[in-house]
Amino acid sequence: MRTILYLIKKEFLQIFRDKFIGKAIFGIPIIQMLILVPAITFEIKSSEICIIDNDRTSESRGLISKLDGSPFFRILQSTSSEKEANELLYSDKADIVLHIPSGFGKDLGTGRPAKIMASVNAINSMTAQLSWAYLSGVIRDYNLDIAISGNPEAANAMAAIGITNRYWYNEMLNYKHYMLPGILGILVAAIGFVLAGLNMVKEKEVGTIEQINVTPVRKYQFITAKMVPFLVIGLIDLAIGLAVGKLVFDIPFEGSILLLFLGSAIFLVAALGLALFVSTMSGTQQQFMFVAFFFMIIFILMSGIFTPLESMPVWAQKIDMANPVAYLMRINRMIMLKGSTLSDIRGDLFALTAIAVIFTALAINRYRKTA
Amino acid sequence: MSKSIESTGIWKNFGDTQALKDISFDVNEGEIFGFIGPDGAGKTTLFRIITTLLLPDRGSMTILGLDSTKGFKKLRENIGYMPGRFSLYLDLTVEENLNFYASVFGTRVEDNYELISDIYSHIEPFKKRLAGKLSGGMKQKLALSCALIHRPRLLVLDEPTTGVDAVSRTEFWEMLRKLRQHDITIVVSTPYMDEAIRCDRVALIQSGQIMTIDKPQNIRDGFSRKLFSAKAADKYGLLIALREYPGTLSVYPFGDSIHVTFSEEKPDKALTEFLLKNGITDAVLNETEAGIEDRFLELMGKDETRKL
């Protein structure tokens with residue numbers, strides 16, 4: 001035990017002796033949070049819309065003013081030339097072209113179904129879907145207005161089956177609140193994974209490991225001493241990240257902070273175990289970085305931070321059972337947004353613990369005190 | 001006299017390369033035992049087996065009465081190792097390195113200070129300096145201090161004097177001599193033939209094989225022929241001429257002279273005439289005492305020597 005303490009003390013000495021790393025490990029989480037949280041968002045603030053109004057009646061103007069009133073749309077131009085509108089779409093200036101054909105007002109007046117056409121720029125399918133969803137919302141709204149104003153009976157019927165929806169756990173569908181717990185996870189993962197692995201490979205490259213190997217230091221002692229400092233640093237980074245989230249983005253925090261730290265601590269052991277396992281097999285820092293990068297990309301992109309796990313193919317979901325970042329993502333969101341308790345996330349915590357134990361055991365087993 | 005190391009028939013391959021072939025030797029307790037050989041002779045591989053970092057393919061080695069493969073845990077507490085490459089933490093200070101190695105061996109610097117005081121006192125004024133900022137000689141003293149801090153019974157030094165200036169080298173060997181009073185057995189390797197004389201016994205090693213093991217003086221005496229030192233103003237011309245002369249057995253440059261042996265007891269007039277014919281008029285030939293290097297080259301075989 002005393003030996004582990006000495007080894008840990010040595011690691012801390014070395015980490016903070018490097019002036020850049022010593023500062024960066026605390027500066028990076030702040031910068032990362034300030035940049036990533038507001039930057040990574042799915043919200044569409046204003047879709048540029050171009051309107052071809054061939055109708056020019058009070059009905060068509062009513063629809064246009066409805067769109068104008070919505071915070072999601074900005075009317076870029078009204079034109080009667082289809083060619084001009086399409087050019088705007090081609091040149092990426094407009095996101096949507098809405099075509100109101102002549103006769104729109106007349107059809108509405110006579111009670112026949114009126115038609116409009118919307119062309120959505122779908123280079124980015126995510127934006128296109130969202131723009132479309134917002135647009136159909138506005139049109140539905142407008143539809144309702146007409147129905148009510150023209151027919152009092154229908155208005156009564158509408159009132160009878162009033163539909164309201166409420167988004168639970170993130171009522172405003174605030175993407176900052178959705179992304180922040182995930183970004184916290186990635187931040188913790190990156191620091192621990194990269195720094196610990198590089199640290200271990202460096203000992204090999206410089207040759208200091210040869211001197212350690214002839215000492216009576218045990219394998220588990222050495223690996224533990226490599227993990228603990230980065231576990232501590234990772235948790236401090238998590239605290240800094242949370243503070244930034246609270247102060248700058250006013251993130252709601254429903255659950256127990258202690259539970260969040262417990263989840264992250266287990267996750268860190270898993271990530272550090274994997275990093276050290278990879279580093280025991282790497283001879284140089286380049287080799288390590290190459291493999292580490294591969295794991296990081298796969299783990300993060302498959303973690304469910306951007307795309308819901310449920311929409312992945314089944315085989316991918318199976319792979320994710322071994323992905324510690326996926327568990328962390330879920331645990332963080334459940335605790336922070338939903339206020340889940342220990343018994344709610346018990347299953348995820350157990351699975352994460354199992355992964356942590358396996359990776360650490362692999363690292364200890366693979367580390368050779370002989371050449 | 002009891003033995004610190006008993007090695008019998010050690011073999012080690014790396015893929016197709018035979019690094020060690022049938023290495024057998026004994027090291028007596030308390031002696032300074034040297035392995036002398038050029039780079040690539042297998043010295044480092046052998047040392048890594050002695051320090052339990054490497055397992056031999058065949059053969060057995062008993063170190064301090066323990067089997068090197070089975071007793072490695074106990075052995076690591078009693079061996080001090082200084083690898084050929086400086087392997088201390090460059091980003092830790094002199095003092096931090098020493099304290100660290102003391103603590104991983106479960107001891108304290110104060111407990112064994114008298115053992116290292118002779119060596120450490122040279123670098124103590126710089127104890128707050130990072131190890132990476134030390135000169136070669138100081139690094140070597142720090143490495144030796146760290147290897148000794150747990151009072152090992154066997155000290156293994158892999159080319160400790162490579163890359164160190166002449167003054168520090170002499171100092172270093174004096175330090176090793178002084179360590180004998182503490183009953184520490186020392187196994188040391190070096191590519192410098194002139195350092196062999198400072199060992200109690202040496203093994204000449206070449207291409208993974210031990211050629212001979214003996215006291216340095218006996219090795220020099222083992223030189224089988226009369227050795228002559230030849231000099232001339234045109235050293236290169238003399239070298240070529242001697243190589244062409246049919247009566248020479250071995251010719252190789254040695255410092256500012258040329259070492260040469262002949263098939264006959266003494267070079268006769270025919271040689272002088274031969275040299276004159278080749279334009280060497282001022283050749284001086286003196287009998288000289290063979291050194292370790294001469295014996296080493298002789299053992300390596302005549303054919304190879306001629307090529308040098």
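Predicted model: local features only at pLDDT ≥ 70, side-chain atom pairs only at ≥ 80, totals over all residues.
Biologist: Let's take the six-stranded sheet of chain B. What makes β6 and β10 of chain B its edge strands?

Modeller: The order is β6-β7-β8-β3-β9-β10 in chain B, an open sheet with mixed pairing. β6 (79-82) and β10 (209-214) of chain B each pair on one side only, and that makes them the edge strands. From one strand to the next, the twist averages 15°.

Biologist: How do you know that β3 and β9 of chain B are paired, and in which sense?

Modeller: Two strands count as a pair if there are at least two bridges between them. β3 (residues 32-36) and β9 (residues 201-206) of chain B have four, in the parallel sense, so they qualify as a pair. To find the spot in the structure, look for B:Phe35, which stands opposite B:Ala203 in β9(B).

Biologist: Which helices pack on that sheet, and what do they touch?

Modeller: One is α1 (residues 43-50) of chain B, which touches β3, β7 (154-157), β8 (185-190) and β9 of chain B. Its direction makes about 155° with that of β8(B). Another is α5 (residues 136-148) of chain B, touching β6 and β7 of chain B. The direction of α5 makes about 160° with that of β6(B).

Biologist: Now the other sheet in chain B, with the order β12-β13-β11-β14. Why do β12 and β14 of chain B each have one side without a neighbour?

Modeller: That sheet is open, has four strands and pairs antiparallel. β12 (248-254) and β14 (284-288) of chain B stand at its edges with a single partner strand each, so one side of each has no neighbour in the sheet. Neighbouring strands are turned by 30° against each other on average, direction ignored.

Biologist: What makes β11 and β14 of chain B a pair?

Modeller: Again the cut-off is at least two bridges. β11 (residues 227-231) of chain B is joined to β14(B) by five, running antiparallel, so the pair counts. B:Ala230 stands opposite B:Leu285 in β14(B). Helix α8 (residues 235-244) of chain B packs on this sheet, touching β11, β12 and β13 (257-262) of chain B. The direction of α8 makes about 160° with that of β12(B).

Biologist: Over to chain A. How does its radius of gyration compare with that of a compact globule of 371 residues?

Modeller: Such a globule would have a value near 21 Å, but chain A has 28 Å. Along its principal axes, the C-alpha trace of chain A spans about 95 × 45 × 40 Å. Chain A holds 15 helices and four strands.

Methods. Residues numbered from 1 in each chain as written. Chains lettered and ligands numbered in written order. Helix = DSSP H or I, 4+ residues; strand = E, 2+ residues; numbered from the N terminus. Axes fitted to C-alpha atoms, helices over the stretch in contact; angles between N-to-C directions. Contact = placed C-beta atoms within 7 Å. Rg over C-alpha atoms; globule rule 2.2 N^0.38 Å.
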